[in-house]
There are 2 protein chains.
Amino acid sequence: MRNFVHAIPTKLYFGEGQIRRLDELLRPFGRRVLLAYGGGSIKRIGLYDTVKEILDKGGYTVTELSGIEPNPRIGSVRRGVELCRENKIDVILAVGGGSTIDCCKAIAAGVYYDGDLWEMVAGDHELLKALPLVDVLTLAATGSEYDAGGVISNLETKEKLGNVYTYPAASICDPTYTYSVSAYQTAAGTADIMSHVFEGYFSRTEDSSLSDYIAEGILKTAIKYLPVALSEPTSYEARANLMAIASVACSGIPAYGKQGTGWPCHSMEHELSAFYDITHGVGLAILTPRWMRFILKKDPSCAWRFVRFAKNVWGLSGDDETLATAGIDALENFFREAGIPMTLTELGIGEEHVAEMAAHANPDGYLKNAFVPLTTEDIEEIYRACL
Amino acid sequence: MRNFVHAIPTKLYFGEGQIRRLDELLRPFGRRVLLAYGGGSIKRIGLYDTVKEILDKGGYTVTELSGIEPNPRIGSVRRGVELCRENKIDVILAVGGGSTIDCCKAIAAGVYYDGDLWEMVAGDHELLKALPLVDVLTLAATGSEYDAGGVISNLETKEKLGNVYTYPAASICDPTYTYSVSAYQTAAGTADIMSHVFEGYFSRTEDSSLSDYIAEGILKTAIKYLPVALSEPTSYEARANLMAIASVACSGIPAYGKQGTGWPCHSMEHELSAFYDITHGVGLAILTPRWMRFILKKDPSCAWRFVRFAKNVWGLSGDDETLATAGIDALENFFREAGIPMTLTELGIGEEHVAEMAAHANPDGYLKNAFVPLTTEDIEEIYRACL
């Protein structure tokens with residue numbers, strides 16, 4: 001086991017009706033609130049009205065920032081920072097999915113950032129001084145409600161960059177807010193959750209037992225409950241289990257004690273989203289089985305991990321060689337049956353940017369520390385296998 | 001899934017050599033430190049000298065509280081509170097196992113408590129205002145390094161009471177400090193870890209998937225690594241895995257989303273320790289299989305949970321009726337093979353206080369909300385089965 005530090009200050013309020021805690025969670029920080037959200041979904045499900053009513057009743061002064069994009073852009077960060085400064089905001093309230101929360105983390109830190117905000121996004125730094133952030137989650141996917149990271153896109157430079165900013169002070173995770181999430185987004189969100197686990201699970205560390213069991217528990221929960229959520233969108237049991245695993249999956253906990261891997265699938269997917277603005281989880285679902293097949297072929301000494309994956313996650317049995325690929329097949333079928341388009345071609349993506357994306361995904365040979373080290377040529381081959 | 005709140009502010013610094021962070025962890029709180037510990041074990045392993053050197057070099061003023069008992073007593077709490085008040089202590093540094101940390105939590109809160117300290121221990125309250133507490137862990141067992149609870153004994157009144165006080169601000173968890181822990185205490189500590197999981201795992205909630213998988217992962221890790229730690233006490237892999245599961249087991253995480261159970265085995269064991277001052281984990285190991293057999297017989301409708309336990313934790317297969325008891329047999333054998341005396345008689349305990357202990361363990365019918373509700377007569381029967 002590698003050394004690790006566990007220090008997540010976020011308070012999770014999980015379950016139906018936890019919105020009743022919103023006032024007590026915001027109040028210690030002040031009364032001037034930036035209410036930030038994306039499109040109209042929070043209005044459609046009535047959550048916007050609920051939140052506004054709580055804020056009005058509590059005597060808060062509310063400034064709104066709406067229209068945060070699914071892959072949130074630096075322009076929204078700039079807009080939010082200006083609003084916070086102009087209105088002397090005390091606390092940011094993000095209502096939405098991971099994109100809204102990611103954007104608000106960058107805004108919260110950006111308020112205190114002295115310099116160009118894209119430099120902050122692209123710069124090398126630890127946690128930053130930031131405004132307090134409270135969120136109300138409406139999508140089980142990115143885990144942004146329980147980590148410090150955020151991913152911001154710059155369409156001009158075709159860059160989509162992850163960085164750390166600040167932890168939410170508190171996250172309200174009410175599974176009923178995800179009842180109306182479309183089948184497509186439910187499946188994509190679950191693929192994102194599973195990918196967060198894969199990025200740590202496929203590591204050279206063999207002796208971090210609890211982390212591996214937690215990782216497998218998250219994956220088995222996803223496999224059990226995604227089909228239920230798709231066929232019965234208002235199943236509390238299914239939505240609650242997906243929401244619970246989303247928060248833990250991206251917290252780093254399933255990879256505690258394990259060697260870092262560089263998160264190869266996320267590195268590759270961020271390029272797809274930066275160039276084509278596709279849904280993150282769909283990009284991950286397409287890439288993951290191809291990445292698995294590629295590394296298994298490139299370095300058969302990593303097969304032990306795929307054998308364990310097949311046995312412990314999919315409950316498969318057989319000889320090791322069969323198992324190693326059977327687990328990958330099971331994953332690809334699972335995504336396909338969940339209705340995710342499983343080729344880039346179906347998304348209208350061709351060969352045109354493959355070389356450029358591969359170079360971006362592997363700056364300075366970044367992925368040489370992956371579970372199986374990847375060269376830029378390897379990444380090109382993985383992209384091509386996705387077409 | 002039931003609603004839950006996850007809010008653990010403790011920072012865990014896990015792994016060999018993390019003691020180098022001690023100065024930076026203490027410094028924000030001030031320079032007047034209460035250094036609290038139990039017997040001589042921290043001197044034998046050189047940890048006392050290491051800590052003193054760091055404190056001296058950092059210019060801290062150190063007041064010592066030594067001799068905290070394995071079942072820490074109210075007298076030690078009183079002594080610690082006096083020392084803190086007299087010496088205007090800024091921060092408490094607990095170096096030891098769960099007993100030392102438990103005692104220091106009560107001291108940290110006791111400093112601000114206006115009234116008799118046994119009233120604080122016995123009273124009904126939430127988290128209390130407390131001095132900051134940092135600990136250096138030397139035993140994988142109670143999980144006190146990652147929760148807010150503490151258990152304090154009063155030999156005069158024959159009471160041993162758990163309560164919540166405060167979370168440690170930071171815990172340094174270095175597995176190498178447990179290399180010299182005896183086989184007996186290693187086995188007892190692991191039994192304690194496993195019991196923390198059982199207390200939540202055996203619940204009527206069937207739909208909290210991740211919690212159940214985390215619980216099973218902790219149990220499987222304990223089963224794998226206790227024998228390794230016993231045969232090879234300086235195995236970093238074994239000691240690290242046991243230390244990692246200890247913190248998570250008692251954090252409440254393996255029971256998130258599940259119905260409360262009243263922690264029946266802990267309720268019963270606290271009476272044994274209060275009356276006979278025995279090792280907590282040994283009492284739990286003796287009680288647990290007897291409790292399991294009793295409730296399975298009393299209410300066969302709970303058998304599904306024991307079947308899952310046998311399959312998922314012990315990897316057993318067979319028909320359900322056989323499985324339900326086979327898992328319990330496996331657990332009892334596991335404890336016995338680890339060298340734990342598996343009857344109360346071996347500890348010199350007889351029938352003399354059974355009725356009294358059973359009444360104490362079930363005040364106001366407290367255990368009517370257990371997985372299988374227990375009457376005081378039921379508890380007497382379980383104690384007798386342990387003789």
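This is a predicted model: local features need pLDDT of at least 70, side-chain atom pairs count only at pLDDT 80 or more; totals for chains, interfaces and linings use all residues.

A: Residues are numbered from 1 along each chain as its sequence is written, and chains are lettered from A and ligands numbered from 1 in the order in which they are written.

The backbone of A:Asp277 has a positive phi of about 55°, although this residue is not a glycine. A:Asp277 is partly exposed, with 14 other C-beta atoms within 10 Å. On this scale a residue is buried if 20 or more other C-beta atoms lie within 10 Å of its own, exposed if 12 or fewer, and partly exposed in between, with C-beta atoms placed from the backbone.

B:Lys88 lies in the loop between helix 4 (74-86) and strand 5 of chain B, and B:Lys88 is exposed, with 10 other C-beta atoms within 10 Å.

Helix 11 (280-298) leads on to its surroundings in chain A, for together with helix 8 (209-231) and helix 13 (320-337) this helix receives the buried residues of helix 12. Those buried residues of helix 12 (residues 303-313) are A:Arg305, A:Phe306, A:Val307, A:Phe309, A:Ala310 and A:Val313. Just after helix 12 of chain A, A:Gly315 takes a positive phi of about 65°.

The domain assignment, which comes from an automatic or database source, divides chain A into domain 1 (11-177) and domain 2 (183-385). The C-alpha centres of these two domains of chain A lie 27 Å apart. Their contact takes 21 residues from domain 1 of chain A and 23 residues from domain 2 of chain A; two residues are in contact if their C-beta atoms, placed from the backbone, lie within 7 Å. On the side of domain 1 that touches domain 2, strand 2 (11-14), strand 7 (149-154) and strand 8 (159-164) of chain A each supply at least two residues. Strand 8 of chain A gives the most to that side, with three residues.

Strand 7 and strand 8 of chain A also pair with one another, in the antiparallel sense over six bridges; two strands pair if DSSP finds at least two bridges between them. Within this pair, A:Ile152 stands opposite A:Leu161 in strand 8. The hairpin of strand 7 and strand 8 of chain A has four residues between the strands, and there A:Lys158 takes a positive phi near 50°.

Chain A as a whole contains 15 helices and nine strands. Its radius of gyration is 20 Å, which agrees with the value near 21 Å that a compact globule of 387 residues would have; the radius is taken over C-alpha atoms, and the globule rule is 2.2 Å times the number of residues to the power 0.38. Buried residues make up 57% of the 387 residues in chain A.

The two chains meet as well: 32 residues of chain B are in contact with 32 residues of chain A. On the side of chain B that touches chain A, strand 1 (4-6), strand 2 (11-14), helix 8 (209-231) and helix 9 (236-249) of chain B each supply at least two residues. Helix 8 of chain B gives the most to that side, with nine residues.

An open sheet of seven strands, with mixed pairing, runs in the order 1(A)-2(B)-9(B)-6(B)-5(B)-3(B)-4(B). Its edge strands, each pairing on one side only, are strand 1 (4-6) of chain A and strand 4 (61-65) of chain B. Inside chain B, strand 3 (residues 32-37) and strand 5 (residues 91-96) pair in the parallel sense over five bridges, and B:Leu34 stands opposite B:Ile92 in strand 5.
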